[in-house]
Every structure is written in structure tokens, then in C-alpha cells.
Amino acid sequence: MRHLIFVFFAQFLFLGSAQEFVYPQIPDSLVSVESRTKYLARHYWDCADLSDMSLFSKPDRVLDYIYLLKQLPSQEIEEDVNLLLSGLQYSEDNLSLWIWWMDHFLHDVQSPLCDNEMYLTITETIINSDIDEAYKIRPQWQLEWLQRNRIGHKAENFSFVDNDGTKRQLSDYKGRWTLILFHRTSCELCHQVINEMSSNEVIKQLIKDKKLTVLAISLERDDKYVDFWVQGFDNGGIEDSKLYEIQQYPSFYLLDENHDVVLRQSVNLGHVLNVLQEL
């Protein structure tokens, strides 16, 4: 990914632009990568006809723009996106398509570009913009999910019923890192992941050293039991109250010993293990 970003900057910040899209001319006075990036992000769409239906028919322009925005602080992302929305509000089809691309690349957990913090900034910008209210319905619905259990923030407490029928809470396990696995008993992929996790030496050693708790939560009672995990089922307090966003199963939330969120809604066990190996 870093290599791709480097190629992107080499091509578009310093070597020119493709013929299909006219890039803004960056002033010669801007010599640093940071200043050139900020300028290109702010003026990226200056030469584009935002009513051209072919502009967003493919993701090329959107991907370039996302790579630029990812180098900026949230305030500048908000300002740049506002400028774009001002131009797109007169082209409803392109506005709708651009919003869809943002959701697809930045919010979909399967996307390699998934970035909930950046998507939260863009979602709030859309909601606070002057575009038609119809385009704000889905972002407003998503906002509640995005504002909860953000990386670096405290995980919200929830209750569940363990396999013995005892009501417990997430907060009962504070003091150790906690890996929450949301799964379903009818999910074949979930079973595969559980089998892989239950035999993983990194996870087993961390549990033995009392550094990690694995908390496996299903929407229904699961009779299959991993004796060194905490297992339980959701009694309605998680799903019904929309406490945790779960786009697909299995899904991981990783919390540190203070229950600050380290990984949010990850679907990649390898990514989780990479973090755990550093403990």
C-alpha cells in the first residue's frame, strides 16, 4: 500500500497528469510534498465538469481523491469535501454516485481502504452541508454507528448471558486486553475462524499469561464450548440497542486493558493476530 501511495505522488504531484482528466497546475512555489498534496486536494476538481456523467462511472477519480484526503487532517478534509459538495449539488446523479463510492471504499469492512474515522468526518460534512436532505438520510442513519466505539475511545459496556446462564457484562473483564468475537452459530466461516483461534498458540499463551480474555458472543446460545474462552449470547442488549456495528460475521473488536478500542469491526483474523503478537 505504501508503495502504491508513493507511485501515486510521483505520478501526480511531480510528473504530470493523465490525458483523460485535467489536474490543477500546482504553483512552483509549493515545493514540499505536504504543501503540494494540500493544494492538489483543495483544487482537485477545479478543471472537472461535475455534471459529466462519466466522471464517477469508474472509481479512478474517487480513489485518487481518497489517497489525497488520507494525507490531511480532519478539518481540511471537511473543507475540501464541502467544496466538492457545493459543486455536486447541481448534479444529483453524480452526487448520489460519489456518496455511494465513499461508503463503498471507506465504510465497507471488506475494503482495503476502510477508514471509519475518515468516513465519520465525511458523513458529518455531508449532513451539515447544503445539499438536498434526501441525500442525508443514509449518512444520518450511519452516524449513530460511526460515533460509537471509535478507535482510541472507551468501548461501550454491554451485558450478555454466559453458557451457564449467568448474566455478565463486558466491564467484568477490564484489566486485560479483551478480544470480542461476534459470531453466529449458523455461520460456517465463523466455525472455521473459531477453530483457527482455539488452536492458535499466540492466543493460548496470552490467555495463559492472563494478558488476554477472548469473549465470544453469539446472537443465540452456542453449545460448542472453548474451555479457555468466555462465551455467551446476546440477550438483546447489543443488537437491539445498536451498541456495536457489525457489518458481517465473524467480526472482531479488540480492546486494551483499559477497554479503549484498538481494532474496530475487523473481519481479518490475521490483522488481529499481528496486533496481539506485539503484546
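Two strands are said to pair if DSSP finds at least two bridges between them, the strands (E, at least two residues) and helices (H or I, at least four residues) being DSSP runs numbered from the N terminus. The model on screen is predicted, so that local features need pLDDT of at least 70 and side-chain atom pairs count only at pLDDT 80 or more, while totals for chains, interfaces and linings use all residues. Residues are numbered from 1 along each chain as its sequence is written, and side-chain values use heavy atoms, with hydrogens and water left out.

**The sheet**

Select residues 159-162 and 230-233: these are β1 and β5, an antiparallel pair joined over 2 bridges, in which valine 161 has phenylalanine 233 of β5 as its bridge partner. Widening the selection brings in an open sheet of 7 strands with mixed pairing, ordered β2-β1-β5-β4-β3-β6-β7. Its edges are β2 (167-169) and β7 (261-266), each of which has a single partner strand, so one side of each is left without a neighbour in the sheet. From one strand to the next the twist averages 30°.

**The nonpolar cores**

Next, select Trp45, Trp98 and Ile122, the residues with the most contacts inside the largest nonpolar core, which has 41 residues. Such a core is a set of buried Ala, Val, Leu, Ile, Met, Phe, Trp, Tyr and Cys residues joined through side-chain atoms within 4.5 Å, and buried means under 20% relative accessible area, exposed over 50%, and partly exposed in between (1.4 Å probe, protein chains only). Its largest share, 7 residues, comes from α5. Around tryptophan 45, leaving aside residues up to four places away in sequence, the contacts (heavy atoms within 4.5 Å) include Phe21, Leu55 and Tyr65.

**Salt bridges**

Finally, show the charged side chains, among which 15 salt bridges are found, each being a side-chain nitrogen of Lys or Arg within 4 Å of a carboxyl oxygen of Asp or Glu. Glutamate 79 and arginine 42 meet at 2.9 Å, N to O; glutamate 79 lies in helix α4 and arginine 42 in helix α2, so the pair ties together parts 37 residues apart in sequence. Arginine 150 and glutamate 117 form another, with their closest N and O atoms 2.7 Å apart.

How values were computed. Axes are lines fitted to C-alpha atoms, for helices over the stretch in contact, and angles run from 0 to 180 degrees between N-to-C directions.
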